[in-house]
Amino acid sequence: MNKQFLIPLGTFAVLVIILVFGLKNADTVRDVPSPLIDKPVPEFSIATVEDQQQTFSSEELKGQISMVNIWASWCVSCRAEHRLLNAMANQGINIYGINYKDELADARRWLNAYGNPYVKSAHDITGRAGIDWGVYGTPETFIIDQTGTIRYKHTGPINSDDMEKVIVPIVKKLQAGL
């Protein structure tokens, strides 16, 4: 056997093992801890997608249990979770949005086409609010308690299991005052 082929073959085998390991552990990206857990929501006041004359501010997140969903019309994963956000809003969960680095017309078209689960959605065209929230990308979702404190962060799209086993139970627990 020719030994010159062993080095490229060995290198290829190592790369395949790394790829397989990475794919098997792809869900660990959701485990990226947020330094904002148990801290007040970042202060902001931004014009809304729905009406540029109105604002959505951090003050509105006090006094109730709510979710803040970071989203964009260009985000494929946001589309995957959007029907679940609509379902949670229909269950009475207060969901606010921060539209991240998106054109206003595109964001409005998105909400008209897929439904608007948001009480209000800020239009964060510059991404400044997203930076303050520690956003890695879209979508990301935060659960806020009645004091305006971040209690949970979900990175990536919410799926049915996430909604039923994690998100809704945390919201219900906070609503019950536990």
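Residues are called buried under 20% relative accessible area, exposed over 50% and partly exposed in between, using a 1.4 Å probe and protein chains only. The model is predicted, so local features need pLDDT of at least 70 and side-chain atom pairs count only at pLDDT 80 or more, while totals for chains, interfaces and linings use all residues. Residues are numbered from 1 along each chain as its sequence is written, and side-chain values use heavy atoms, with hydrogens and water left out.

Some backbone details come first. Most residues other than glycine have a negative phi, and most peptide bonds are trans. Aspartate 38 has a positive phi, near 70 degrees; this residue sits in the loop between helix H1 (6–24) and strand S1 (45–47), where helices (H or I, at least four residues) and strands (E, at least two) are DSSP runs numbered from the N terminus. Aspartate 38 counts as exposed because its relative accessibility is 51%. Lysine 101, in the loop between strand S4 (94–100) and helix H3 (104–114), also has a positive phi, near 50 degrees, and is partly exposed at 43%. A cis peptide bond, with omega about -10 degrees, links threonine 138 to proline 139, and proline 139 belongs to the loop between helix H4 (128–132) and strand S6 (140–144).

Turning to the sheet, five strands make an open, mixed arrangement in the order S5-S4-S3-S6-S7, with two strands pairing if DSSP finds at least two bridges between them. Strand S5 (118–124) and strand S7 (150–155) are the edges, each pairing on one side only. S6 and S7 run antiparallel and are joined by five bridges; phenylalanine 142 has lysine 153 in S7 as its bridge partner.
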